Structures are given as structure tokens and as C-alpha cells.
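Subject: Structure for your files

Hello,

Here is the structure I promised to pass on. Please open it alongside this message; my notes follow below.

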Amino acid sequence: MIVNKRLLMLVCLSALAIVLVVAAYFFGAGIARENIQQSGERQLQIIALDIESVLERYETLPFAISYLPLTAQALAKADDIAVTQALNLNLQELAGQAKVAAIYLIDARGKTIAASNWATPQSYLGQNFGFRPYFSEAIRGGGAGHFYAIGNTTSIPGYFISQPVYPLGSKRGSTPPIGVIAVKISLDEFEQAWHSSEEPIALSDSHGVVFLSNRPLWKYRSLRPLPAAAQQGLKDTLQYGGKTIAAIAQLPATDQQGFHEYLLRPIGRLNWQLMLFPDQAKVLRAGLQSALLAALVVGIALAFAAVIDQRQRRLEEGRLAQRALKQAADELELHIAQRTQQLTEANEELEEKYLKLQQTENLLRSTQNEMVQAGKLAMLGQMATGITHELNQPLTAIRAFADNAITFMHRGKSEQALGNLEHISNASERMGSIIAQLKGFARKSPNAVAVVDVQTAIKAAVSLLQSETERRGVHLQIQADQTVKVLGDTVRVEQVLINLIRNAMDAVENSAHKEVDVSLTAEKDMARISIADTGTGLPEQVVQHLFEPFFTTKDIGQGLGLGLAISSSIVQAMNGSLTATNRQQGGAEFTVTLPVYLPVQTEH
């Protein structure tokens, strides 16, 4: 029951707070809207007075010039160059003093015969402005003409004021006009001043076409779509350079920003409309500020009420908390005991798995070492024929020299017998060297890391394969003049080299030119051993499986397909890589890349 009463009170207070905040928003927004409107109207009044002041300032200028005797004389004596030039100079000086864009005289046919800009590339001289409304209003109506348009010659917009010119000595209006004097005024200074305003300001003509604005993309666009007749009228007078006037609403949304409700004030003699588009975001901000203030006040009141209510609830909850705390402590103790039991069992299971993993790892390492040793013994078996031939030669020589030594001893030729014994000793030493190399290669590696002289390892591998190379007729080219040292196992490095060289010898078995090149280079901190052959190369489908165990392209009985797999494993264990590619000139090239051993420099 107490909970329901508190819930009902909370709902009522929340609803009241929302109503107060919403009311504050609308109240603040309404006041801001009224203030913005009053401020905008004052700004429009100031701008309108400035524009009307400028327009009225120049209203009498063409009227006064039309009374100059030289103006009527230039129209009456159009062929008199001196009179025309004198008027050009006068108009040029008047335009400079009055600070207007141009002053020019048009004859009754609409042709310009004198102008203040007579000496500029964009001179009005010779231009026909008979199509402009300000000309027709002055020549036909006998009164002042007014028009705003983009210049037909200069493409510069301006406000045009015109007055009819009557014959010299005649009363104004008593005879038809003989020409029109026009003044062009630039309104760009207003547009430049408007750029300091963040709110859009625009000046449009009687059709609603904007021709001055601090939003450049709105210029020469209409407030609403124009009817076809209005479009045609604008094109006939070339008021805006013959452009088709599109509505501002057709611009992309980002370019229309600010185009919404506006304040309006009519100005000028051409029913112009001066518009200011107040920033509606100010209304929104003012409303939000009022709502925020109201929310703050309501929040403080609710917080104060909540503190009182919270105090009462704490007293009640204190008693409940004591009972709940005891229950939670009992449950926690039980949970801790259960969790401890689970962790103990998991730890024992983890130790058991770790022990099995160690046993598996030791078995794998032992198997890998045995596989490497088996690879070496298999390689020795494949080299047995060559080694037997290598040992048979000194044995035959020993027998021959021994028989000769016996003969020389019987004949009493002790010096010749001593020479034969020296030959026997040399042959025995050669056999001992061969057997020592075989014993060193065949022994099990201790799997200890040591500094390996790569140049020495290459020479040892080549020495073991020398007899087989000669037997097969393969030309073995060695380029290992550089001393390079790496970290690893000497026997295993020799095993990799022997395997790669024998594979290269197998590859050139059926080649016309049997050659295997072994080269040693060092680039920066990496040693590169390259074994290249002149065989047929590696097929593309073979390269993908080249280093897989038991993959071989040899005939049955000539290999198990473990040589390259073992070699790759040995090289990877030394933080190196074994790669194979085809050479452009033919044949394959295997490259062993190993990190160079760099001795640690100790400081003294």
C-alpha cells in the first residue's frame, strides 16, 4: 500500500514537472520570437532607409544633365565628333564626381552616342538599349524611367535611372523627346555590408526574383516558381542576362538553409521587397533555455522532496538490509566454498593436462630428432656407392704399393721401398679422412645451438658428394668465398646442403648440360645459400606441395619424400626459411635464408 502511494505521487509529480517545462519552453520561445521580430523590423527599416536614400540621391542627376546645352547639341549634331567628344569628357568627369557606374546618352532610336566609359574596353558607345524598359519609359512617357538589370555590355548589375532629353530651347514636354540620358548606379556596397549579418538578407523585384543577397546562391532565383509569361518578359528585356529563373526551393537542402519565414518591407519605385530571414534557431535556443531553467527549478524541488522521502525510506530499508545482509553473507560463504572446490578440481585437471602435453611434446621432439637421424642415414645409404668407390681407390693403391715395397725389399732397394710405404701412408690418411667425415655426419646431433661457419659446412657437404658428382658427370660450381656465421647445428646444416645438392644432381640427370651452382652471399643481417641447377625446373602444381612430408616426384624406391620436409623443418628451427623458384634461364633454384650471427659487443 505504501509503495502504491509513493508510485502515484511520483507519477503526479513527474506529470506536473513535464507540464511546467513545456509551458516554460513555449513561453520563452514566444518572447524570443517577438523580440527577434521587433529587432528584425528595426534592422529592415535601417537597411531600407539606406537604400532609398542612395536611390533618391541620384534621382535628380539625369534630370539635371538633360538640361545641359551640350546634351541636346550632341543629339542634334550626332555627326559632330568634337561636340560628342566634349560630352564624353563631361560625362566622364560627372560620373567620377558623383561616384556612379556610368552616365550615357541614347538617341531616339536607342543607340548610345556618348558615354562616361567611352575610353574603356566595355564602352557603351554604339550599343543599342532600345529594348530596355527605362529607355521606353523616358522616350515615350516623357518622364523618368527606372530599371534594375544585369548590364548587357559589362555583365555587371546595376540600377538605371533615365530622363528624356528635349531639343535645345524648347519647353520640357512641348515636343517629343530627341533622346534619353541614363545613369547606372551600383548597389554592390549594400550586398557587401550584408555579409556581416549571419541572417539571410535579400532584395527582390516585383516578380519575386532575388537580385541582391548575402547568400550568393539565392541571387537570380525566385521566391516561388515564376509563370511562363513572367519568364518570357524577363528574357525579352534581358533583365537578368536572359537566364531562366529557377526557384530557391529547387536548390539542394544545404543551400536552402535559412530560407523560411521572413520579414518583409517594400522599398523603391519598382515595388521591390526587402526581406530578412530571422534565425529560427534563436527561438529554439530561447525556448530550450527557459525549459532548462524550469527543469532546473523543478529538479531542485523534486530533489529536496526526494531527500526527505529518501530519509524515511532509509530508516525502513535499514532494517530490511540487516536481514538481507545476513542472508547474503550465508549465501556468499556457501558460494565461495563451492567455487573453491570447483577451482581445486579445475587446477588438478589442468596440471594433469599440462603433464600430458609435456610428455607429448617430448615424444614429438624425440620423433623429430629420430626422423632427422633417419634422413641422414637414408642419405648415407644413397651415397654408399660413391663412398665405396672413393674408399676402393686408396685400398687398391695400398695393395699395389705394398706388393712393390716387398719386391724392392727383396732386391735390397730400401729407398724405393720407403717411397712406396710413404704412398701407403698417404692413401691410409685419405681413407681415414673420408671415414671421419662419414662418422661426423652420421652421429646423432646433441641438438645444441652453436656458431656454424657456413663456408666450412658447404665445403664439407661438397666433399662428401665429390665421388658421386664425378660418377654422375655433374659440374659442381662453388661460390663461397665470404666467411658467414650463423647460429645452429653444423651437422644439420650439412644435412640440408647435401639433400639440396643431391636433389639438384637428380634434376640434371637427363640434361645435356649438367651443372649445379652453389653460392653463398650475405645481405645486411641475413645469409643466403643458393643451390641452382640446369634441369627442367619445377611444375607449378609441384611447387604448392614441395615441402609436404611424403610428397615426391621421384620413381618408387628412389625416395620417401621426406628430404625437403626435414630440410625445411631444420631451417625453420634456425629462424630461417627455405624457398624454391624456377629460374628464367631454365632449371630450379632453392634458397636457404638464415639470420647472420652477430657477436654481442661488451663494454669495457
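Which residues of H13 meet which residues of H15? In H13, Arg492, Gln495, Val496, Asn499, Leu500 and Asn503 are in contact (heavy atoms within 4.5 Å) with Gly563, Leu564, Ile566, Ser567, Ile570 and Val571 in H15. By class, six residues of this contact are nonpolar, five polar and one charged; Ala, Val, Leu, Ile, Met, Phe, Trp, Tyr, Cys and Pro count as nonpolar, Asp, Glu, Lys and Arg as charged, and the others, Gly among them, as polar.

Before the rest, some conventions. This is a predicted model, in which local features need pLDDT of at least 70 and side-chain atom pairs count only at pLDDT 80 or more, while totals for chains, interfaces and linings use all residues. Residues are numbered from 1 along each chain as its sequence is written, and side-chain values use heavy atoms, with hydrogens and water left out. Helices (H or I, at least four residues) and strands (E, at least two) are DSSP runs numbered from the N terminus.

Back to the helix pair. The axes of H13 (residues 490-507) and H15 (residues 563-573) come within 10 Å and cross at roughly 145 degrees. Axes here are lines fitted to C-alpha atoms, for helices over the stretch in contact, and angles run from 0 to 180 degrees between N-to-C directions. The crossing is left-handed, meaning that the near helix is turned anticlockwise from the far one by less than a right angle.

Helix H7 (residues 228-237) has buried residues Ala230, Gln231, Leu234 and Thr237. These fall within an arc of 140 degrees seen down the axis of H7, so they line one face of the helix; the arc is that of the directions from the helix axis to the C-beta atoms. Ala228 and Ala229, on the other side of H7, are exposed. Buried means under 20% relative accessible area, exposed over 50%, and partly exposed in between (1.4 Å probe, protein chains only). The buried residues of H7 pack against helix H5 (133-141), strand S3 (145-150) and strand S7 (209-213). After H7 comes Leu238, with a positive phi near 50 degrees.

Strand S1 (residues 102-107) is joined to S2 by three bridges, and Tyr104 stands opposite Ala115 in S2.

Strand S8 (residues 221-222) pairs with S9 in the parallel sense over two bridges.

Ser155, between S3 and strand S4 (157-165), is not a glycine but has a positive phi of about 60 degrees. Ser155 is exposed, at 54% relative accessible area. Ser116, in the loop between strand S2 (112-115) and H5, is buried at 9%. Asn271, between S10 and strand S11 (272-276), is exposed at 59% relative accessibility.

Regards

Notes
Pairing = 2+ DSSP bridges.
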